[in-house]
Protein chains: 2
Amino acid sequence: MAKQHELREKGLRLTPQRELVLQAVRELGHATPEEVAEKVRSTHPGINLSTVYRNLETLENVGLVLHTHLGHGGATYHAAEELTHLHLVCSVCGSIGDAPIEAAANFVNTLSDDYGFKTDVTHFAIYGTCQKCSK
Amino acid sequence: MAKQHELREKGLRLTPQRELVLQAVRELGHATPEEVAEKVRSTHPGINLSTVYRNLETLENVGLVLHTHLGHGGATYHAAEELTHLHLVCSVCGSIGDAPIEAAANFVNTLSDDYGFKTDVTHFAIYGTCQKCSK
DNA sequence: TTAATACCTGCGAACAAATTGCAGAAGCAA
DNA sequence: TTGCTTCTGCAATTTGTTCGCAGGTATTAA
């Protein structure tokens with residue numbers, strides 16, 4: 001068979017809710033469970049918040065999405081294939097900016113060489129003040 | 001007068017609870033509100049959790065303590081004068097290691113020069129795998 | 001196509017963490 | 001000491017997340 005659905009390939013059932021959650025995460029870039037639910041509801045009003053939480057967890061288990069901690073307590077979910085940037089969280093306006101992973105390459109190497117610490121670059125948020133707010 | 005209490009200098013009232021919370025944060029190095037409460041209760045059983053939260057907030061407002069996000073949802077508080085290191089949070093064992101701020105100097109400069117982002121080095125946790133766990 | 005069987009979903013309850021309102025207690029200036 | 005204001009303790013509330021269960025549905029094999 002030429003095209004197995006990516007969810008089926010992971011041994012998951014192909015439910016509308018699950019597809020919608022995955023699609024929402026991909027479209028939103030980064031989003032809290034709440035935001036994902038809201039997005040999904042814009043086309044499928046009936047979906048339950050528990051279902052969103054359970055699917056995010058399930059999708060994370062099979063590696064299709066990941067979560068990071070951007071502060072404020074809640075986890076933020078990302079599509080796995082899109083985690084190619086750092087998150088620059090502005091402490092003033094709360095905006096989330098991006099920077100390529102390469103910007104941290106030196107830093108990661110330093111930590112590895114000097115402290116034996118293997119940084120997971122995809123799982124960390126950087127706090128500070130964005131360009132706009134530092135004026 | 002030679003010695004104004006540091007809390008009074010900030011315009012705060014000098015209550016036993018407030019002093020205990022500040023002292024606990026200093027002794028613990030980094031601690032969640034829950035841990036601070038527990039520490040304070042070891043000598044002052046009656047103290048209320050709300051009081052701990054409110055005092056942490058108050059102390060943060062006047063700059064005596066700071067909080068960082070080390071993941072897991074909860075904030076972690078530090079005495080302001082001790083924030084001279086980065087936090088290396090191990091995703092395997094959960095341990096919190098230290099590294100001097102200088103290790104990030106290049107990284108911070110890169111973000112500032114290339115993206116106009118002023119990183120608050122004291123407010124960010126770095127995820128990865130510590131030396132012990134990466135063996 | 002149908003039937004069997006996991007797996008999923010929706011719902012409500014349960015839970016934990018953090019916050020708030022209020023009344024009384026305590027710190028502080030005069 | 002008096003009086004004002006802030007702080008504390010308590011209880012209730014809010015918010016974010018998880019869980020149990022009963023019914024529904026995707027999937028496989030007949």
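1. In this predicted model, a polar side-chain atom of B:Arg13 comes to 2.6 Å from a base oxygen of DNA strand D.

2. With four residues, H4(B) gives the most to the surface near DNA strand D.

3. Chain A contains five helices and six strands, and its elements follow the order α-α-α-α-β-β-β-β-α-β-β from the N terminus on. Taken along the principal axes, the C-alpha atoms of chain A fill a box of roughly 45 × 35 × 25 Å. Of the 135 residues in chain A, 43% are buried, and among the contacts in chain A with a separation of 6 or more, 46% are between residues 24 or more positions apart.

4. The largest nonpolar core has 36 residues, and those touching the most other members are A:Leu86, A:Ile126, B:Leu86, B:Phe107 and B:Ile126. Strand E3 (85–90), helix H5 (105–115) and strand E6 (125–129) of chain A, as well as strand E3 (85–90), helix H5 (105–115) and strand E6 (125–129) of chain B, each supply at least two residues of this core. As general background, nonpolar side chains tend to be buried together in soluble globular proteins.

5. A:Ile126 illustrates how residues of both chains meet: not counting residues up to four places away in sequence, A:Ile126 touches A:Leu86, A:His87, A:Leu88 and A:Val89, and also B:Phe107, B:Leu111, B:Phe117, B:Thr119 and B:Phe124.

6. An open sheet of four strands is arranged in the order E5(A)-E6(B)-E3(B)-E4(B), with mixed pairing. Strand E5 (118–119) of chain A and strand E4 (96–100) of chain B stand at the edges, and because each has a single partner strand, one side of each is left without a neighbour in the sheet. E5(A) pairs with E6(B) in the antiparallel sense over two bridges, and A:Thr119 has B:Gly128 as its bridge partner in E6(B).

7. Is strand E1 (residues 65–69) of chain A largely enclosed or open? Four of its five residues are buried, so strand E1 of chain A is largely enclosed by the rest of the structure. E1(A) runs antiparallel to strand E2 (residues 75–79) of chain A and is joined to that strand by five bridges; the partner of A:Leu66 in E2(A) is A:His78.

8. In chain B, strand E1 (residues 65–69) holds B:Thr68, a buried residue with a relative accessible area of 0%. The side chains of B:Thr68 and B:His78 are joined by a polar contact of 3.1 Å. Leaving aside neighbours within four places in sequence, B:Thr68 is in contact with B:Ala75, B:Thr76, B:His78, B:His87, B:Thr122 and B:His123.

Methods: Residues are numbered from 1 along each chain as its sequence is written. Chains are lettered from A and ligands numbered from 1 in the order in which they are written. This is a predicted model: local features need pLDDT of at least 70, side-chain atom pairs count only at pLDDT 80 or more; totals for chains, interfaces and linings use all residues. Side-chain values use heavy atoms; hydrogens and water are left out. A polar contact is a pair of N or O atoms within 3.5 Å; within protein, one must be able to donate a hydrogen and the other to accept it, and residues adjacent in sequence count only if both atoms are side-chain atoms. A nonpolar core is a set of buried Ala, Val, Leu, Ile, Met, Phe, Trp, Tyr and Cys residues joined through side-chain atoms within 4.5 Å. Buried means under 20% relative accessible area, exposed over 50%, partly exposed in between (1.4 Å probe, protein chains only). Contact means heavy atoms within 4.5 Å. Two strands pair if DSSP finds at least two bridges between them.
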